Amino acid sequence: MVDIEKKKNLDKLFQQIIQQNLSSDAWAWLADKVERIKTEEKTLQLNLSFAQLPRMSGKNNLIVQPEDLAEIATLLPGFSLQGWTADRLARVWLLMQLPDVDKMVYLKKIKNLFTVAEMNELVALYSALPFLHYTEEWISTCEEGIRSNIGTVLEAILYHNPYPAHALSEAAWNQMVLKAFFNEKDVSQIPGLKTRANQALAHTLNDYVQERLAAHRTVHQEIYRLIEIGK
Amino acid sequence: MCCNDNFQERNKGERNQDVLDLNDINGMQFFDPHIHMTARTTDDYQAMVDAGIVAIIEPAFWLGQPRTGVDSFKDYYSSLIGWERFRSSQFGIKHYCTIGLNSREANNEELAEQVMELLPQFVFKEGVVGIGEIGFDDQTAAEEKYFRLQLELAKEASLPVQIHTPHRDKKKGTQRSMDIAIEHGLSPYSVIVDHNNEETVKEVLDRGFWAAFTIYPFTKMGNERMVEVVKQYGSERIMINSAADWGISDPLAVPKTAALMKKSGIGLNDIELVSFRNAITAFGQSGQIDEHDFIAIKNIDQSQKFASNSILRGGQQPRIDKNSIIIK
């Protein structure tokens, strides 16, 4: 979903930000692990370092220069590092270094990380969706994540993540938006909310409004705006 | 571990009318280092946070019936570091876990082999504070084999070990567990021997291990007995837990026992050690316990709620009025 040139620039930019936010020891550890991950046939180094990473990087909030934030926004509209921690970006960047020459191996390695991930790992994995190779292959993974009821995991898919708007079918997109309202998420942070508004979503949201009103519950103002656009 | 087989014992005798008064333990913090929250309800979480429990450890164990495939183990371990941890955080309680193959299911060797392959993927996960609960149930050869293999894993990962001691033939099982741990070169200071009683405590402490006591009605320790143990042995390397699960157990066992100790004249410093501090010292050897998180988990969740404009008061999850017949 991001062309090769832009992906290269983002990769470089992320590396620079990580180096600025990690101690030199932690960066040396990460760089060494990346070299091993690039050459290993199996998954031992990947699995160990992906889990171990926060112990080395710490979990402080990222400090990012305003000009870097602006450049990122130009390279990948809708995406932002706002609210990210150092380990989250380092994990995403680590995944970006994984060789993709053998498609089946690449998919298998990353999908295996999903199956045993804890919460912060899931946040990083779903945050990485826009940067993974074989964009179409992650649709069902993304749909699975939308079913999560873990707040931070759902937010990693919803907030400043351009993957869903780019890749999801209309039905899956609508399901995600409905769930965002249902779980009282801040929908203003969902990229593509207005551009992907559609008639089916308007119908569903309309039903949802009726249901809320019948139950004497309040209705989010943004729902009415989306219904209006989708009509 | 569950359950209460002896219904006669459960129903006989006088009922004690002493009521827990939370004011007695107001302002105290508690750490329950052994509780199976996957078996408990949200009402329990609310009661626990009200009673002052700030953090817990959920040991991996069996699920009341044997699992038939390795993926069930994988999903269970994942739930301990995923959904259950999140559920706990919603109530402002910091959730840790120990990961291991329990003794009962070690007897299915074909499956146990596969679980042993899976464990290294989990031991370095965030918030995994030890290998547990492992040890003996029937004290079979297979149980011993996987106990030893997991002790080696703990040693390699520099993680504490949480040992389950058997219900039957407890004294011998406890001695044997300690012998094997020493044989594998583990420091007794990194091993928490659980489910002690008056018969086992002396040797466990004398040999330098941590002695955990499970306050669990009918089948394990009662808390009046626990008060006597602390009076006799003091508070060094002793900790209490509830081991609450799907059996008739009590998720408030730690605060209740602390309240009873206070009433019985045990000093506040000793109470703090056995109901909070010692567990942190022992399992903190994993490097995974940061006490700042006990406070942060309350603040972070509240701010998240405020950001999404939920109107919540006095806690993370909205409260419902349990006494009302109306459900809104």
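Mentor: Let us begin with the word helix, which here stands for a DSSP run of H or I with at least four residues, numbered from the N terminus. Please keep in mind that this is a predicted model.

Trainee: What makes E35(A) and K38(A) separated by about one helical turn?

Mentor: Both belong to helix α2 (residues 24-39) of chain A, and because they are 3 residues apart in that helix, about one helical turn separates them.

Trainee: Why is the meeting of the side chains of E35(A) and K38(A) called a salt bridge?

Mentor: The rule asks for a side-chain nitrogen of Lys or Arg within 4 Å of a carboxyl oxygen of Asp or Glu. For E35(A) and K38(A) the N to O value is 3.9 Å, and the pair is counted as a salt bridge. By this rule the count over all chains comes to 34 salt bridges.

Trainee: How many salt bridges does the rule find across the interface of chain A and chain B?

Mentor: The rule finds 3 salt bridges there. E126(B) also forms a salt bridge with K59(A), their closest N and O atoms being 2.7 Å apart, and that value can be set against the cut-off of 4 Å.

Trainee: Which helix gives the largest share of the side of chain A that touches chain B?

Mentor: That is α3(A), with 5 residues. The residues on this side of chain A divide into 7 nonpolar, 7 polar and 6 charged. In total, 20 residues of chain A are in contact with 18 residues of chain B, and the area buried between the two chains is about 1800 Å², with carbon and sulfur atoms giving 51% of it.

Trainee: Why is α5(B) called roughly parallel to α6(B)?

Mentor: Helix α5 (residues 109-118) of chain B and helix α6 (residues 141-157) of chain B pack at an angle of about 5°, and their axes are 11 Å apart. Angles under 35 degrees count as roughly parallel, and therefore α5(B) is described as roughly parallel to α6(B). The residues of this contact divide into 5 nonpolar, 1 polar and 3 charged, among them M116(B) in α5(B) and L149(B) in α6(B).

Trainee: What is the peptide bond from G132(B) to E133(B), cis or trans?

Mentor: That peptide bond is cis, with omega near -20°, and E133(B) lies in strand β4 (residues 128-135) of chain B.

Terms used: Residues numbered from 1 in each chain as written. Chains lettered and ligands numbered in written order. Predicted model: local features only at pLDDT ≥ 70, side-chain atom pairs only at ≥ 80, totals over all residues. Heavy atoms only, no water. Axes fitted to C-alpha atoms, helices over the stretch in contact; angles between N-to-C directions. Helix = DSSP H or I, 4+ residues; strand = E, 2+ residues; numbered from the N terminus. Parallel < 35°, antiparallel > 145°, perpendicular 65-115°, else oblique. Contact = heavy atoms within 4.5 Å. Nonpolar A, V, L, I, M, F, W, Y, C, P; charged D, E, K, R; others polar. Buried area = accessible area lost by both parts, 1.4 Å probe.
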